[in-house]
Amino acid sequence: MSNHRAFMAMAAAVLIMRPPWSWAQTPAEADKYDWGQHMSQMMWGGGWYGMILGPLFMILALAAVIVVAVLLVRWLSGPLYGPQPPYQPPAARTPLDILKERFARGEIDKEEFEERRRVLGE
């Protein structure tokens, strides 16, 4: 058990001193990551298209996601108005129906209505 503790103490000391995966940089390495040059190059050195197209593509991607979501919901919810009854053509009007409508509208009087109804044979 004491060997285990000694090993853990030695490992902790090595990690505290300088771990091999350390992100610490030497002064020479720090110059490689100077963002001032990169930002000025992006702003004025021809990187402007990234600043314009980036938000544009983000808006297009968001719109595409919204359209896909709406279509998916509409597809899963089924028809919008429910089942439709089978088509039935309108009933044909008989000559007597037309005569009754004309009489109801006042286009013909009672005598003319009776005479035409007799002519129609009904």
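Student: Which pattern does the chain follow, read along the sequence?

Tutor: Please note at the outset that this is a predicted model. Along the sequence, the pattern is α-α-α-α-α-α. The chain has six helices and zero strands.

Student: How much of the chain is buried?

Tutor: Buried residues account for 5% of the 122 residues in the chain. A residue counts as buried when its relative accessible area is under 20%.

Student: Does L60 count as buried, partly exposed or exposed, and why?

Tutor: L60 counts as partly exposed because its relative accessibility is 46%, and partly exposed covers values between the 20% limit for buried and the 50% limit for exposed.

Student: Changing topic, how many salt bridges does the structure hold?

Tutor: The structure holds five salt bridges. One of them joins the side chains of E107 and R102, at 3.0 Å from N to O. E107 also forms a salt bridge with R105, where the closest N and O atoms are 3.0 Å apart.

Student: What do R102, R105 and E107 form, then?

Tutor: R102, R105 and E107 are linked in a network of salt bridges.

Student: How exposed are those three residues?

Tutor: E107 is partly exposed, with a relative accessible area of 45%. R102 also counts as partly exposed, at 25% relative accessibility. R105, by contrast, is exposed, because its relative accessible area is 54% and exposed means over 50%.

Student: What about R117: with which residue does it form a salt bridge?

Tutor: R117 forms a salt bridge with E114, and their closest N and O atoms are 2.9 Å apart.

Student: How far apart are R117 and E114 along the helix?

Tutor: The two are three residues apart in helix α6, residues 110–120, so about one helical turn separates R117 from E114. R117 is partly exposed at 29% relative accessible area, and E114 is partly exposed at 26%.

Student: How do α5 and α6 pack?

Tutor: Helix α5, residues 95–105, packs with α6 at an angle of about 180°, and their axes are 10 Å apart. That angle makes α5 roughly antiparallel to α6.

Student: Why does that angle count as roughly antiparallel?

Tutor: The helices count as roughly antiparallel because angles over 145 degrees are placed in that class, and the angle between α5 and α6 is about 180°.

Student: Which residues meet where α5 and α6 come together?

Tutor: From α5, the residues are P95, L96, L99, K100, R102 and F103. From α6, they are K110, F113, R116, R117 and L120.

Definitions and conventions: Residues are numbered from 1 along each chain as its sequence is written. This is a predicted model: local features need pLDDT of at least 70, side-chain atom pairs count only at pLDDT 80 or more; totals for chains, interfaces and linings use all residues. Side-chain values use heavy atoms; hydrogens and water are left out. Buried means under 20% relative accessible area, exposed over 50%, partly exposed in between (1.4 Å probe, protein chains only). Helices (H or I, at least four residues) and strands (E, at least two) are DSSP runs, numbered from the N terminus. A salt bridge is a side-chain nitrogen of Lys or Arg within 4 Å of a carboxyl oxygen of Asp or Glu. Axes are lines fitted to C-alpha atoms, for helices over the stretch in contact, and angles run from 0 to 180 degrees between N-to-C directions. Angles under 35 degrees count as roughly parallel, over 145 as roughly antiparallel, 65 to 115 as roughly perpendicular and the rest as oblique. Contact means heavy atoms within 4.5 Å.
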